Structures are given as C-alpha cells and as structure tokens.
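Dear colleague,

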Amino acid sequence: MGEREKLLEVRDLKVTFGTKRHPFTAVDGVSFDIYRGETFGLVGESGSGKTTIGRAIIRVNPVSGGTVTYNGQVISGKVSRQVDRQVIQNIQMIFQDPMASLNERAKVDYIVSEGLYNLGEHLSEAQRQEKVSRALSAVGLLPEFASRFPHEFSGGQRQRIGIARALIMNPQFIIADEPISALDVSIRAQVLNLMSKLQKERGLTYLFIAHDLSVVRFISDRIGVIYRGKLMELAGSEQLFAHPLHPYTKALLSAIPMPDPVGEREKTLLVYDPACHGYTQQDPPQWVEIEPGHFVRGSERELDEYRKVLEG
Ligand SMILES: Nc1ncnc2c1ncn2[C@@H]1O[C@H](COP(=O)(O)OP(=O)(O)O)[C@@H](O)[C@H]1O
Ligand SMILES: [Mg+2]
C-alpha cells in the first residue's frame, strides 16, 4: 500500500448541547483520521454521539471544541462562504430512515435535486433533469421514477433515492448514518453492494455509522468504537477483531451472533461496566496509539496490560 492521503482529520472534537448552566457534552474529545478512498466504520450503541459527529463534520451541529480539517482545510467553526460551499458540495450524508428523511409531499425529481438548488447552481431545466436521470440510473432506479412520490417505493428503493440525492452533488466523501438499519434483512446486502460499487467507480470515501460491529466488519477498512461520546478504541478491522483490547469493544464483539447454533448457545455475553476501570487522578485514561494504527483509551496500568496482550 502506498502513502495514504488523509482526507478528513477530526481532532479533539467536542459537541455540547443544552444551556450554559446545564450543558450536556454529546461528543467529548474525539480524534480520528479518514483516508481517501477508504471506509471508516464508526460503531457504538444508540445515543453514543455517532450522528452528532456526522452532523458536526457537515457543519449542521456547531462544534464547541476541536477542529475538523478536510483536504487540508479547516471546515469547523467560522469559515468563508467559499469553504462552506465546498463542504456542501463535497460532503454528503445519507440517513437511516429513508421514510423520515424524504419529504413525502415532494416528487422524487425534487428530492433528488434539492442539493443543487441549495448550491445555487445555474442549471437549465434540461441539464437538471439530465442530472436527476443519471443519479437515478447510478443507483439502479429508472429515470421515469422521477415523477413519482416516495410512498410509491419500497424501503430499499427509498434508500436508493437517498443515495441518488447525495450522488447528484458529485461528492468525494459520504457520511452514511446507519443506512441499512431500518431495512429488511433481505435487502441490506443489496444496498451495501450498491454502496461498494459506487465507491469503486467514483473513488468515494465513506464514514459508515452503525450500532453493531457485525454490519461494519466486512465493509470497513478501519473501525472506531465510541461509547458515551468518547472513542474507546480504533484499529484496522482485522486488527480490531483479532486483538480487541478495550472491554467495551470486547462486549460489542460478544454481542455478534455466531453462525453455528451450538457456539451461539454456549457463548458468554460480556457486559461492559464503565466503572470497571477504576480510574484515578494519578492514573487517568489517555488516548494512545498502542501499536501502529491501533489506538485505545486506557490508564497507564491498563495500557501496560494491553501491551502484554499484544506481545502475546
Ligand atoms: N440537538 C440536540 N439537542 C440536545 N441533545 C442532543 C441533540 N442531538 C443529540 N443529542 C443528544 O446527544 C447524544 C448523542 O446523540 P446522537 O449523536 O444522536 O447518538 P447516536 O447517533 O450515537 O445514537 C444523545 O444523548 C442525544 O440525546
Ligand atoms: Mg444516530
């Protein structure tokens, strides 16, 4: 593998909601990089801050600390109009529930081209329709579908409409926020295959958000594990599955169903207790690259244990 090009750099990201008197920190000091052309999986239970991170990257959620750098340019906080436009065009998000995220009263034609209006591009009607047709074809839908309404489609087709809506902007980077969680199991693979095909054809980079590890395992190059707004571990997918270090990662792994019924019946489900670390002021948790490309959160005492595990 040649030198990897960093596309996105998230450093010490902090997102706080609520009021000054009653702040709630949803994302707390999160740092990770995403390289061009890869799929980075972000995994954690519901409410852990995954969507908030995605929305902070696309500038929907204001950040209260840290920076987001895209293509070498800071895109968080106050930026020029030009940078704002670049983010709108280059970074697109697709959502979990296509039902909820598509405007039911708008035709597919409008839904798919909405981003173009927001960008204020001066396109002729014919050019716009051509772009819609091409986006629909790219996701395996017929151009005629443009004149229909979302309720006329199945869940899988609706998710394809959501993907077409992102693709029409010709983005480089797509944040896929639990894109298959709301779909029937039987059509999940179709949507994943489509995403992987589009990635190859267009050299796309993905941030793929999911709440369980089994979904991201096979599609991610690297995986970050988040718990209550903080990253617990980050590693290459194979490394994470082969040598999980953090107890929360181990708990997530133990929740993955096993293919054989005997193994499934006899396995132990690990439960993560955040009090298990026994952190002290003298030995607080740190975020450390414990081996090349493998990051984990732990105290000095824990990190020593983790190093021993890795040395075998
Ligand atoms: N706009 C908001 N205002 C207040 N709290 C929010 C807002 N958005 C998210 N949160 C809170 O931040 C936490 C993280 O939410 P979210 O990022 O949606 O989690 P996830 O996507 O991992 O399920 C949750 O406790 C959620 O209730
Ligand atoms: Mg979410």
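Predicted model: local features only at pLDDT ≥ 70, side-chain atom pairs only at ≥ 80, totals over all residues.

Residues are numbered from 1 along each chain as its sequence is written, and side-chain values use heavy atoms, with hydrogens and water left out.

Ligand 1 is surrounded by F17, F24, A26, E45, S46, G47, S48, G49, K50, T51 and T52, where a residue counts as near if one of its heavy atoms lies within 4 Å of the molecule. An oxygen atom of ligand 1 lies 3.0 Å from a polar backbone atom of G49, and an oxygen atom of the ligand is also 2.8 Å from an N or O atom in the side chain of K50. For the side chain of T51, the distance from one of its N or O atoms to an oxygen atom of ligand 1 is 2.8 Å. Helix 1 gives the most to this shell, with three residues (helices are DSSP runs of H or I with at least four residues, numbered from the N terminus).

In helix 2, which spans residues 81-90, the buried residues are V83, V87 and N90 (buried means under 20% relative accessible area, exposed over 50%, with a 1.4 Å probe and protein chains only). Seen down the axis of helix 2, these buried residues fall within an arc of 85 degrees, so they line one face of the helix; the arc is taken from the directions from the helix axis to the C-beta atoms. On the other side of helix 2, R81 and Q82 are exposed.

With best wishes

Technical notes
Chains lettered and ligands numbered in written order. Polar contact = N/O pair within 3.5 Å; in protein donor to acceptor, adjacent residues only side chain to side chain. Helix = DSSP H or I, 4+ residues; strand = E, 2+ residues; numbered from the N terminus.
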